[in-house]
Amino acid sequence: TDISKIRNFSIIAHIDHGKSTLADRLIQATGGLTEREMSAQVLDNMDIERERGITIKAQTVRLTWKGHELNLMDTPGHVDFAYEVSRSLAACEGALLVVDSAQGVEAQTLANVYASIEQDHEIVPVINKIDLPAADPEGVKQEIEEIIGLDASEAVLASAKTGIGIEAVLDAIVAKIPPPRGDKDAPLKAMLVDSWYDPYLGVVILVRVIDGSLRKGMAIKFMQAGTTHLVDRVGCFTPKRTDLPELTTGEIGFITAQIKEVAETRVGDTITDAKRPAVAALPGFKEVQPVVFCGLFPTDAAEFEKLRDSLYKLRLNDASFSFEMETSAALGFGFRCGFLGLLHLEIIQERLTREYDLDLITTAPSVVYQIHLSHSKTEDAQTIELHNPADMPDPNRIESIEEPWIEATIYTPDEYLGAILKLCQDRRGIQKNLTYVGTGAHQRAQVTYELPLNEVVFDFYDRLKSITRGYASFDYHQIGYRTGDLVKMSILVNEEPVDALSMITHRGTAEQRGRGMCERLKELIPRHLFKIPIQAAIGGKVIARETISALRKDVTAKCYGGDATRKRKLLEKQKKGKAKMREYGSVSIPQEAFIAALRMG
Ligand code: GTP
């Protein structure tokens, strides 16, 4: 294709502002699919994504509009996938900024716009949902200018739902977004944007050609990985998979090259011609590091192998999560898993449950701590990374502990501000800024806080959602490590520590958390024939305590009167329940008790 006719763009938006709906409309308007072929949302191809309305895997669709080739790159909208967003944006020259005309600018609108500006994008504002009675396009234009500093005078007014303004959006893409630049005669240089596993094709690689061209049958080299492969398929998605003879300078498309595992491909790697290599590689991308860890255990120990196989399968498509085997006295054999964030954790957990039919126990999420140790008789002073509270070293050797901090931006209607400030304060937050944006009914507070990440992984989203009835929006990025007064708190049931319940917490909040956990366990653990102490302790010091009083006598015999089938059913149920009990210094704790205790953090 003539490079001057190519436009590569992304759609950026806050969650729910209509990105996927708009993408579908653009596909439909350009004839990529007939009405009948349009499923509800063609770009979100995983069930979970559809249900949650979020986009995880970036995909690219090629559209044809008035003699131009438009490559629309889908990007995920959530904070946990900020990295996926930035690498997709790097393959484009511009972006459609979709803002809901009834909601205005939200936290992720801003985060995404900044990422786009960083890539030197031409940004085309699209004010969506103008069909809504509450739509206030003029107010939103003003917000875009005021908060983001973009000229919104030529913003396109659209309704992705009813189809208003869709052609104007396509015309604006052609008119405003610059064509790519590149040298078609230079040796091949292409960026590896994304890769995923397809059961029929093997690993599929999404590429953006910078210089030269990429043809079927070509021997290519991954400059960073140092590997060579033979290209066996080249093509694009319209959104149907379409094979092509080549991808030329400036184009985005896919290739396959008989690669077995996604792990062999590195996002950001430079692909070049093995016979005529490019002189220099592209600057490349940073490696993504998991920031949140938790243990995943099968409820039924017999499902351990199945869990392992399922994790391997999931990893085929998502190289950003990690796992290694872990054993716990309370929960048996399982895996310690690392994720990009809490949402990422939830998605993996949900896919395991739903697609792989596994019943799982998840331990409390933990962040990565840097622990500075003094030297001992046998070891030098050193710094270790701690992913699991159970591996906390001997407190006597700990010089200091550092924890990751984030900067969070929250947008909220004024009425919830007080509750939000209190929540952030309770979570050791440091307020950095508080301003108001918009006017009249549209006015909202924008508040910025620095918070320790470990306070955020601990049910922060849920609390924020519930205290603001879903009206606040939230975004964050990491700002580095800081020293904190952190301790490991253990939970003891009948004098025995329960490893799965231990956690690292700030000394100041340890007592409150310990007390909460003891109270919950008291409710959750059934009474026995003897008294059971439940304690929270730091080192050897008990900071909270509850006692489950003893049953006077064995009353179970009385419970089962009545007809025989009912009795049999009860017995079966009980047998099943027994299998899931864990023994703690002669105390049986039903697995449900762990789950409930962990759920409530
Ligand atoms: P994520 O994938 O979660 O980032 O959301 P999204 O930005 O892709 O939003 P999506 O397209 O899923 O739309 C969110 C909701 O808004 C859906 O219920 C859409 O039907 C609705 N919606 C999208 N565009 C319009 C519009 O122009 N008018 C109205 N009234 N509703 C719309």
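Modeller: What follows is a description of strand β31, then of some other parts of the chain.

The model is predicted. The protein has 601 residues, and buried residues make up 55% of them. It holds 15 helices and 34 strands, and β31 covers residues 532-538.

Is β31 enclosed or open? Of its 7 residues, 7 are buried, so the strand is largely enclosed by the rest of the structure. Buried here stands for a relative accessible area under 20%. The cover is found on both faces of β31. On one side sit I532, I534, A536 and I538, and on the other P533, Q535 and A537, with every one of these residues buried.

Two pairings of β31 can be described. Strand β28, residues 486-493, pairs with β31 in the antiparallel sense, over 5 bridges. Within that pairing, M489 has I538 of β31 as its bridge partner. Strand β32, residues 541-548, is also antiparallel to β31, and 7 bridges join the two. Here A536 is bridged to A544 in β32. A536 is also one of the buried residues listed for β31.

β31 and β32 form a hairpin with 2 residues between the strands. In this hairpin G539 takes a positive phi near 55°.

Next comes a helix. Helix α12 spans residues 507-524, which makes 18 residues. From its first C-alpha to its last it reaches 26 Å, close to the 26 Å expected at 1.5 Å a residue. Its buried residues are T509, A510, R513, G514, M517, C518, R520 and L521.

Elsewhere, 8 strands form an open sheet with antiparallel pairing. Their order is β11-β10-β16-β7-β8-β15-β12-β13. The edges are β11 (228-230) and β13 (241-243); each has a single partner strand, so one side of each is left without a neighbour in the sheet. From one strand to the next the twist averages 40°. Inside this order, β7 (residues 189-198) and β8 (residues 202-211) are joined antiparallel over 9 bridges. A190 stands opposite V209 in β8.

A few single residues complete the picture. The UniProt entry, which is unreviewed, places a "binding site" feature at positions that include H17 and D131. H17 lies in the loop between β1 (6-13) and α1 (19-29). With a relative accessibility of 3%, H17 counts as buried. Leaving out residues up to four places away in sequence, H17 touches V98, V99, D100, Q103, G104, E106, T109, N128 and K129. N128 and K129 are also among the positions that UniProt gives for the feature.

D131 belongs to the loop between β5 (122-128) and α5 (137-148). D131 is partly exposed, at 31% relative accessible area. With residues up to four places away again left out, D131 touches S159, K161 and T162.

S310, in helix α7 (residues 304-317), is buried at 4% relative accessible area. Beyond its neighbours within four places in sequence, S310 is in contact with L352, Y356 and L358.

For the protein as a whole, consider contacts between residues at least 6 apart in sequence: 69% of them join residues at least 24 apart. The protein exposes about 27,400 Å², with 49% of that supplied by carbon and sulfur atoms.

Terms used: Residues numbered from 1 in each chain as written. Predicted model: local features only at pLDDT ≥ 70, side-chain atom pairs only at ≥ 80, totals over all residues. Heavy atoms only, no water. UniProt positions renumbered as here; feature names shortened; annotations may be inferred. Helix = DSSP H or I, 4+ residues; strand = E, 2+ residues; numbered from the N terminus. Buried < 20%, exposed > 50% of the residue type's maximum accessible area, 1.4 Å probe, protein only. Contact = heavy atoms within 4.5 Å. Expected span 1.5 Å × (residues − 1). Pairing = 2+ DSSP bridges. Axes fitted to C-alpha atoms, helices over the stretch in contact; angles between N-to-C directions. Areas by Shrake-Rupley, 256 points an atom, 1.4 Å probe, with all protein chains shown as cover.
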